[in-house]
Amino acid sequence: MGALTGVASAQVDSGRAAAAKVDNPYSGAKVYVNPDWSAKAAAEPGGSKISNQPTGIWLDRIAAINGTGGAMGLRAHLDRALQQSGGSPTVVQLVVYDLPGRDCSALASNGELGPTEIDKYKTQFIDPIAAILSESKYASSNLRIVTTIEIDSLPNLVTNTGGRPTATPQCDTMKANGNYVKGVGYALNKLGAIGNVYNYVDAGHHGWIGWDDNFSPTAQVLKQAATAEGSTVDKVAGIIVNTANYSALKENNFTINDSVNGTTVRQSKWVDWNRYVDELSFAQAFRQELVNVGFPSNIGALIDTSRNGWGGSARPSGPGAKTDVDTYINGGRYDRRIHIGNWCNQSGAGLGERPKAAPASGIDAYVWMKPPGESDGSSSSIPNDEGKGFDRMCDPTYTGNPRNGNNMSGALANAPLSGHWFSAQFQELLKNAYPAL
């Protein structure tokens with residue numbers, strides 16, 4: 001479902017054109033296994049069951065391009081991917097994640113660049129990544145580079161700005177200065193010009209964008225970014241949803257069209273007037289909405305299923321009782337979060353569907369873009385030089401804010417900084433995996 005099917009791609013610096021972009025980069029391809037993550041997973045009890053799974057590589061600060069703290073840099077990963085490929089098409093999954101004023105609604109993932117440092121983002125982050133990917137060794141190889149562009153950015157400009165109860169001053173700033181739109185447009189343009197790079201833009205998840213007043217406006221913001229800074233919609237291969245989140249892939253025990261005693265399930269506290277109840281239906285619908293606003297008709301979608309399995313003993317075996325809409329929904333829903341706005345190190349979560357190419361209509365792949373076992377944020381304040389703040393949503397004692405309906409956070413205790421290894425979370429994900437391991 002990528003863009004530019006059958007179109008000769010951009011020249012690479014070797015003077016040879018790379019192969020034309022394929023429709024779905026995951027079809028008929030291996031996917032690169034990150035040795036850094038694989039070793040951590042394999043060292044855990046039971047971890048060898050999944051340590052051979054492909055996961056995303058997070059370029060979450062300038063230093064990550066060359067490697068930090070013993071972790072491999074971009075070139076090292078690409079070299080290893082060439083070894084793993086054995087000459088076969090191989091997808092390498094990168095998360096491009098260092099916007100100015102990054103993640104304006106959450107402190108745990110605030111980045112290193114201030115709200116106005118768009119030029120630094122372009123010249124010290126995107127340009128060096130593009131330069132490496134453009135080297136003939138990689139650009140004319142059998143690698144297919146999937147770049148997921150700036151998680152938790154563009155949707156914030158719709159949902160967390162203006163007079164809304166969910167607004168934050170930081171998100172208002174990023175909407176006003178335009179640097180999310182410019183940054184994403186610049187990244188799409190520079191990276192999308194490389195013949196074997198496939199850009200997927202982050203599109204949040206159904207429990208964020210699934211409401212009428214968020215759905216179409218977010219599609220418009222994505223279009224704005226895809227046509228900013230010299231980019232065009234043809235440089236977008238698709239979207240990614242549910243990245244580093246927990247929304248269930250498919251709720252089988254109820255649909256959005258159900259009603260109980262004449263009351264629609266949309267009136268339940270959990271659904272709360274959303275149009276979608278799971279990620280698969282949302283991803284397919286939002287992909288179509290992007291086509292409606294002018295994206296190519298063959299764009300695809302990725303769904304991050306790394307932590308949305310919700311298996312284990314708490315998984316409902318069937319629908320809830322039809323006493324009222326809340327009893328019906330709460331008794332049947334797989335997603336066991338206290339509130340769908342909860343996002344940090346969720347208690348009870350499990351591994352979801354294993355990575356798989358072309359699993360459903362319009363879906364290019366299920367992916368594990370967020371490596372299972374890597375923390376979403378620390379549960380208490382930890383001084384660090386990684387630009388990571390303390391977000392109360394990662395504190396299990398926190399009673400919430402308007403973005404999670406003023407509910408408890410549902411976060412696990414004793415969590416380390418975001419991106420650091422969290423053994424207790426990894427064990428919980430194994431235990432609650434669905435399908436079971």
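Okay, let's start with a cysteine pair: Cys344 and Cys394 are both buried, where buried means under 20% relative accessible area, exposed over 50%, and partly exposed in between, with a 1.4 Å probe and protein chains only. Before I go on, this is a predicted model, so to speak of local features we need pLDDT of at least 70, side-chain atom pairs count only at pLDDT 80 or more, and totals for chains, interfaces and linings use all residues. Residues are numbered from 1 along each chain as its sequence is written, and side-chain values use heavy atoms, with hydrogens and water left out.

Back to that pair. Cys344 and Cys394 are joined by a disulfide, S to S 2.1 Å; the criterion is two cysteine sulfur atoms within 2.5 Å. The torsion about that S-S bond is about 95°, so the link is right-handed. Cys344 sits in the loop between helix H11 (325–332) and strand S10 (356–360), and Cys394 in the loop between strand S11 (363–367) and helix H12 (423–431), so to say distant parts of the chain, 50 residues apart. Helices (H or I, at least four residues) and strands (E, at least two) are DSSP runs numbered from the N terminus.

How many disulfides does the whole structure have? A search finds 2. The other one joins Cys104 to Cys171, S to S 2.0 Å, and it is right-handed too, with 95° about the S-S bond. Here Cys104 is in the loop between S3 and H3 and Cys171 is in helix H6 (residues 169–177), 67 residues apart. Cys104 is buried at 4% relative accessible area, and Cys171 is buried at 0%. In sequence order, the bonded cysteines pair 1-2, 3-4.

Now, Asp103. UniProt, in an unreviewed entry, places the feature "active site" at Asp103; its positions follow the numbering used here, feature names are shortened, and annotations may be inferred rather than shown by experiment. Asp103 lies in the loop between strand S3 (90–96) and helix H3 (118–134). Is Asp103 buried or exposed? Buried, at 3% relative accessible area. Leaving out residues up to four places away in sequence, Asp103 touches Tyr97, Ser109, Asn110, Asp152, Asn156 and Tyr180, a contact being heavy atoms within 4.5 Å.That's my tour.
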